[in-house]
Amino acid sequence: MKISFGLACSAAILLGAKMFLGSTPAALPYPPELTVSRFAGPDVTPSPACLAVAPTGEVFVGVDMIGSLGKDPGKGRILKLIDTDNDGKMDRHIEFATVDNPRGILVQGNQVFVLHTTFSPETKKATGMALVLFEDKDGDGKADGPPKPLVENLSNTKYIQERGTDHATNGIRMGIDGWIYIAVGDFGFHNATDRSGKKLTMLGGGIIRVRPDGTELEVYTHGTRNVYDVAIDPYMNVFTRENTNDGGGWNVRFSHHLQSGEYGYPVLFQHFTDEIIPALADLGGGSGTGALYMAEPNWPAKFNNVPMMADWGRSMLYIHRVTPDGATFTQKDEEFIELPQITDLDVDGSGRLYLSAWDGAGYSGSPDKGYIIRAVPANWTYQAFPDVSKSDINALAGLLKSASAVARLSASQELIARADKQASDAALAVATDAQLPVYARVAGIYTYAQAAGEAGIPALVTLTNDADVREHALRALADRKAWVKDVPTAPFLAGLKDLSPRVQAAAIIGLGRLERTETAGALLETKVPASFKAPVKTAEGPHATPNAAIVLPHLAVRSLLALHATDSVVAAINSKNGTLALWASRYMHEPKVVNGLISAYQVAKTEQQRQQILVTLARLYKKEDAYDASWWWGTRPDSHGPYYKAVKWESSPAIEKFLKSVSLKKGPAGLAFFRDLDARNRMDIPAFAPAKTAVAAASNEPKVDLEKIKSKKGQVGKSSIEDVLLAVNKLKGDPTKGKALFTTQGCIACHSINKGELMKGPFMGQIGSIMNREQIAESILKPNASISQGFATVMITAKGNKSYMGFVTEETAAKVVMRDISGTVTTVKTSDIVSRKEMKTSMMPTGLANALSYDEFASLVTYLSQQKK
């Protein structure tokens with residue numbers, strides 16, 4: 001569950017307890033190195049979904065009383081909050097703009113970028129999501145007029161209308177490279193359109209980016225579930241705390257995003273993990289929300305130069321301490337600031353950190369819940385941040401050298417806005433000054449690249465000779481597709497042989513962006529490590545284990561695809577670079593590739609080569625259907641892979657014919673290999689169908705009569721909820737007795753405890769890691785208080801005047817599997833579904849604990865609280 005705002009659906013609060021409700025900032029524990037104050041309360045900032053802070057300290061808050069599941073417009077706004085005396089409390093607020101479902105805000109000077117849901121004035125229905133620009137040129141604290149759309153159609157309209165803005169598109173943040181990075185949930189989008197008219201479609205979630213003028217829209221990474229926001233460090237490392245359904249529950253993962261990378265959700269991250277960049281950590285249940293990379297000089301060293309990631313489900317702001325590892329990182333996470341259902345955070349140029357708390361406002365927002373706090377170092381003193389629009393070039397150059405990331409970005413954007421040679425020269429002087437810290441030189445490089453445009457190519461080429469900044473000079477050279485036609489390939493080819501894996505990564509990515517097919521041969525020489533191997537049959541691969549060795553070949557494959565290097569790849573199949581060539585071939589659905597693979601099989605010298613060619617052909621037998629936004633895989637999608645909605649294509653018959661001919665030559669003894677290929681890739685070729693076996697025995701799962709259970713009255717049923725909660729707090733409970741009660745009280749009908757068990761309703765194997773005993777108790781006593789997202793009761797009407805009600809436990813492009821309250825499982829073909837509706841009440845009946853004594857109920861709660869898998 002999760003408020004989600006498009007957040008990752010999560011097991012964070014599986015049955016709907018409200019975490020830390022009633023908690024005030026003063027009542028919560030904070031690090032002693034910080035001073036925390038309540039900046040604004042629900043009277044001004046109810047239901048704060050997102051926030052951003054101007055470098056000068058004005059706080060812009062997105063108030064959203066539509067929430068993640070609401071569908072009625074007219075309940076959102078952007079507020080500008082001002083602390084005139086800098087005492088940590090808001091003194092004045094202004095309604096900056098009216099906007100529905102604000103999901104991300106970015107402030108640069110008098111420009112305020114907002115990502116939000118759009119609605120039709122006539123029908124009052126959602127029409128999509130958009131990134132828009134508001135301006136306040138007269139300085140009155142209010143937007144001057146209607147917003148200017150920068151990117152439209154940024155989410156799936158059909159499912160925003162049906163579900164609300166959960167799983168949609170979320171946070172925005174600008175990197176020092178001047179791009180606006182946008183977090184996209186797994187609704188994806190179809191025909192998102194930027195200011196130039198460019199259209200882009202993405203199946204599923206990831207990160208996209210666009211220029212501040214709304215042009216050059218492009219995919220940055222792909223294959224995440226619900227990523228709500230991004231943290232970007234001074235060296236353009238992008239981090240997220242996102243969410244997947246890794247089997248039993250919805251786990252949080254922490255990831256380092258490398259441009260062009262594929263992260264695998266939902267079809268590759270379990271059984272095709274050799275093909276993805278894995279997350280750096282699987283952190284268990286939770287719900288990642290706002291993100292920030294803290295790099296401010298007046299913050300204590302122990303809390304500085306780290307990604308700070310909010311987790312709504314755990315009501316916690318985490319620090320992730322990252323350690324370089326090749327071209328990527330390893331990480332160690334730790335709790336930092338506790339805040340009830342934290343949604344977002346940002347910092348200003350004076351080092352003031354602001355955080356927003358949803359505080360139990362519910363799925364559709366609340367006028368009475370939510371607040372903003374301010375956190376500063378204990379020894380902090382206010383230092384006014386300058387108005388950069390009034391600063392001269394020397395002052396801006398000084399800010400570009402600052403140890404403050406906020407100052408560098410603010411100065412960078414102002415220098416670019418000046419659009420003159422003096423500004424670009426100042427940036428170049430910073431970039432080329434070897435005496436400066438690398439972070440300052442990096443800021444100078446990206447500022448110069450943006451300010452000088454194509455004219456800056458020669459200077460950037462020269463900077464590729466400087467080992468300290470080579471990575472960023474290469475990246476800046478290939479950063480803008482409109483300019484790359486004049487960029488030479490030589491620095492990138494040299495970068496492939498650099499001793500630094502980070503430089504090699506920048507060179508590989510850059511060659512893909514330059515789109516010179518003659519460089520494919522150099523990319524094919526990228527070494528593939530021994531860790532490149534598919535998980536064993538039916539096993540889940542290491543999708544959240546750092547693997548620095550896989551990064552470079554993974555990026556090389558992505559660049560080969562960007563180059564459309566079909567001929568080079570086919571020619572290399574039986575060469576020393578065959579492993580990488582075959583890897584790249586898996587995604588090239590072209591007759592030329594299929595014919596090349598078949599020809600290569602005939603002349604392959606080893607059985608291993610021939611086997612890998614067959615593996616590749618099996619992978620190419622089907623392809624992902626074109627995405628038109630008419631469908632979505634739901635909150636618990638089929639993750640077998642390698643495709644979600646697979647279809648045959650023009651070369652499927654040739655592949656089938658060849659595989660069958662080879663299998664006949666192998667004889668009965670070799671048939672098992674082809675059956676495994678068929679099952680793994682879901683080819684559904686009749687000749688490779690599994691051998692018939694005896695029908696499995698009926699399930700031995702216990703049947704329970706929930707109506708009979710809830711009709712009994714014991715100590716719990718005769719008491720008020722408040723009295724029961726007080727009693728549970730005083731009783732230790734016996735977990736062994738609680739385990740037995742989990743079955744006898746009917747919990748087992750709808751919940752699994754172990755990941756290997758059949759998935760039913762909300763997974764209980766992680767509940768103890770994300771809810772305390774009181775919260776678990778309340779969720780059992782009040783199941784309708786808030787329904788876990790993904791586990792709402794669903795009513796399906798099907799052809800033949802049939803109807804079904806229950807949890808959706810499995811969903812593929814072809815079928816929906818449901819489980820009703822008695823445990824009966826029903827499979828419905830998607831082609832037979834006439835209508836589908838989520839119910840507003842939980843399928844879990846109230847009163848299942850009525851027959852229990854206080855001691856028995858405490859035992860059940862204790863047993864559940866110990867489930868921390």
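Guide: Buried means under 20% relative accessible area. Keep that cut-off in mind for this structure, which is a predicted model.

Visitor: How is a pair of aromatic rings described?

Guide: By two values, the distance of the centres and the angle of the planes. In this model, the count comes to 22 aromatic pairs. Take Phe60 and Phe96: their ring centres are 5.4 Å apart and their planes stand at 90 degrees, so this pair is edge-to-face.

Visitor: Where in the chain do Phe60 and Phe96 lie?

Guide: Phe60 belongs to strand β3 (residues 59-64) and Phe96 to strand β5 (residues 92-98).

Visitor: Is Phe60 buried or exposed?

Guide: Phe60 has 5% relative accessibility, so it counts as buried. Phe96 has 4%, and therefore counts as buried too.

Visitor: What kind of pair do Phe742 and Tyr863 make?

Guide: Their ring centres are 6.0 Å apart and the planes are at 65 degrees; over 60 counts as edge-to-face, so that is the label here. This pair also links distant parts of the chain, with Phe742 in helix α20 (residues 735-744) and Tyr863 in helix α23 (residues 854-865), 121 residues apart. Both Phe742 and Tyr863 are buried.

Visitor: Which residues form one aromatic cluster?

Guide: Tyr265, Phe269, Tyr627, Trp631, Trp633 and Tyr644.

Visitor: Over which ring does the charged end of Arg480 sit?

Guide: Over the ring of Trp483, at 4.5 Å from the ring centre. Arg680 has its charged end over the ring of Phe272, 4.0 Å from the centre of that ring.

Conventions. Residues numbered from 1 in each chain as written. Predicted model: local features only at pLDDT ≥ 70, side-chain atom pairs only at ≥ 80, totals over all residues. Heavy atoms only, no water. Phe/Tyr/Trp six-rings, centres within 6.5 Å; stacked < 30°, edge-to-face > 60°. Helix = DSSP H or I, 4+ residues; strand = E, 2+ residues; numbered from the N terminus. Buried < 20%, exposed > 50% of the residue type's maximum accessible area, 1.4 Å probe, protein only. Lys NZ or Arg CZ within 6 Å of the ring centre and 35° of its normal.
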